[in-house]
Amino acid sequence: MLPRGLRQLSGLRRGTSSLGIRPPYLPRPSQSRGLAGTLPELTKDRYPHVKRGDYATLDGNHLKFFTGLLGENRVLTDPSECEGYNVDWIKNVRGYSQCVLKPKTTEEVSKILSFCNEHRIAVCPQGGNTGLVGGSVPVFDEVVLSTALMNEIISTDDTSGVLVCQAGCILETLDSHLAPHGLMMPLDLGAKGSCHIGGNVATNAGGLRLLRYGNLQGSVLGLEAVKANGEVLDCLSTLKKDNTGYHLKHLFIGSEGTLGVVTKVAIQCPPKPKSVNLAFLGLNSFDNVLKVVKKAKHELGEILSSCEMMDALTMDLVVSHLKLKCPLIEYPFYMLIETQGSNQNHDEEKIDRFLEVAMEEKLVLDGTATNEVSKMKNIWDIRERITEALNHDGYVFKYDISLPIENFYSLVPAMAERLGSDAKRVCGYGHLGDGNLHLNITVKEFTQDVLKKIEPFVYEFTSKLRGSISAEHGIGFRKPKYMHYSKSPASIQLMKQLKALMDPRNILNPYKVLP
Ligand code: FAD
Ligand code: MLT
Ligand code: ZN
C-alpha cells in the first residue's frame, strides 16, 4: 500500500504544492475587480427582440406598501445598492430593477406576491445570484425578491437525517451546521459559499457528487412554496415515502422561480463519510479518460463519490488567472476521482489498487493521491474555481450539456475548429461521471457575430447526439428559444399550460424558461 498523506504515484515531489486558498464566499458581481468588474450591457439593449411585458411601473404607492410591510431597511431602492442584484455572476446579463425586497418570513413573501399579482408587478425571485443562465436577475425592471434574510434552520434530526430550513440558508452554512450531527448536505458545488438552498432547489442543482448522492429531486423530501397569487402551499413533508396523489413538490424543483417562490425545504441528508480519498490524475487521451471512468465505476463501486475531468486549456485558466499550482506537469486531460466511505484502510487499499492498475496499463500517466484535508482542498480548488477563472479571461459563452459518455468531449474540438481565431479559448471540463460537459468559450468581448457562430450550432450538435441542452444549470433567460432541441412540442405545451394555471398573470420571473 502507498504511504498516507500525499501519496506519490510517479515523479511527483511529495507535498510540494502550495496552492491558493478559495475565498470564503463568492463576491457579488458588482464587488468583483479587474476584467470581472466591468458591467455588461443592459439586457434590453443586447437582446432588443425581447420586449417588456405589460407590467406596472413601480410608483410611490407600491413602495409605500412594501416599506409598510418590511420596513425601510428591507426595501432597497438606492441604485448602487440594487446594482449587485441586477447583474448575474458571469456578467452575461443586466437588468435595471430599482427595488429589492428582503422578506424574512413566508407570510411576508405571501403578502408581497399577493400585492404584486393584484397590481401586475413583475417579480424576479433571487437566492445567492450564482445562477449561470441569466435566470436570477431582472431582464427589465422586475422587482427583486431576495431570500437573503430567510436563513433560519428550523430542525435537524440526527436519526432520520432530515434537515428543515428556510430557503435563504447558504449551502455551505448548512453543511457546517450538519457536521457536528455527523451529517452532510447531499450536494456540493463551487458556489456553495454563496448559493442558497432555495436557489439550489429552484434550479435542481447538480454539482460535484451527484454521481453518488443523486439529484435534488431525490433528496428533497418536501417543501413549502408561495404561489403567484400569494397562496401558501404546504408540501413540507419530512417522510421518505409518501405516495398520496401527485408529487406537487416536483413542480417547484427546477422551475427556476417561474411557478412559485420556495420558502422552506426538508432535505434528506446522508451521513458524513469517515474516510475520504482524492486522486488527481494526468492522462494523454480522451479514450483513456473513458477507460478510467469505466474502471473507477467498476473497481471503486459503492465508495466512488466523484469523477470529474478538465482539459489542458482549463487547467491553464486556473494557473494563469488565479495562480493556483497544478500538482502535475502538463497533460491533455486531468481527472479527479474521490472516494467517500466508512473505513479508511479499506477505502485506501481499494483506491490505491485501482490507481496502480490504471498506471500499469498506462491509462494514467501520472498522478497524486491524498487523504489530508488541506491537500484535498487544494486539489478541489483547482476544479471548483474554474468558473471564477473564466470570468477573468473575457466574456464567457457558457454551455452545460448532457451527452452520451462516448461523445462527452467531441463538442469541444468541433467548436474550437468552427470558431478558429474568433475565440480566445474553447475549453471543456465537467461532471464526467454523470455525462455532463461544461463547454466554455471566452472572447475579448461579446459580439452578435460570434454568438451566431456558436448558437444554434451547439444545440444542433447536442440534439443530434440525443443529449440535453441543459444538464444542470437550467434554461433561465439564455436558453428558452432552444428548449425544443431537448423537449417535444407536447412537453413544452404542457409546461405552458402549467405556467398559465399557476401564474395566470405571468408575474413570476417573466421572459425566463418558457419559449
Ligand atoms: P440564484 O442564482 O439566485 O437563482 C437561480 C434561479 O432560481 C433563478 O431563476 C431564480 O429566480 C430562482 N430562485 C432562486 N431562489 C428561489 C426561490 N427561493 N424560489 C423560487 N425560485 C428561486 N450549478 C450546478 O448545478 N452545479 C454546479 O456544480 C455548479 N457550480 C457552480 C459554481 C460556481 C462558481 C457558480 C458561480 C455557479 C455554479 N452553479 C452550479 C450554478 C448555481 O450555483 C446553481 O444554479 C445554484 O443552485 C443557484 O443558487 P442561487 O441561490 O445562487 O440561485
Ligand atoms: C461547475 O461544474 O464548475 C459548474 O457547473 C459551473 C460551471 O459550469 O462553470
Ligand atoms: Zn457543473
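**Close-ups of the two ligand sites**

**View 1. Elements around ligand 1.** Strand 4 (123-126), helix 6 (197-203) and strand 10 (261-268) each provide at least two residues of the shell around ligand 1. Helix 6 contributes the most, with five residues. Helices (H or I, at least four residues) and strands (E, at least two) are DSSP runs, numbered from the N terminus. The model is predicted: local features need pLDDT of at least 70, side-chain atom pairs count only at pLDDT 80 or more, and totals for chains, interfaces and linings use all residues. Residues are numbered from 1 along each chain as its sequence is written, chains are lettered from A and ligands numbered from 1 in the order written, and side-chain values use heavy atoms, without hydrogens and water.

**View 2. Contacts of ligand 1.** Of 36 residues around ligand 1 (a heavy atom within 4 Å), P125, G127, G128, T130 and G131 come nearest. Polar backbone atoms of G127 and G131 each lie 2.7 Å from an oxygen atom of ligand 1. For a side-chain N or O atom of N509, the distance to a ligand 1 oxygen is 3.1 Å. The protein buries 97% of the 970 Å² that ligand 1 exposes alone (Shrake-Rupley method, 1.4 Å probe).

**View 3. Contacts of ligand 2.** L132, R383, T387, K398, Y429, H431, H438, E472 and H473 surround ligand 2. Oxygen atoms of ligand 2 lie 2.5 Å from a side-chain N or O atom of Y429, 2.9 Å from a polar side-chain atom of E472 and 2.7 Å from a side-chain N or O atom of H473. The protein covers 87% of the 260 Å² of accessible area that ligand 2 has on its own.

Methods:
A polar contact is a pair of N or O atoms within 3.5 Å; within protein, one must be able to donate a hydrogen and the other to accept it, and residues adjacent in sequence count only if both atoms are side-chain atoms.
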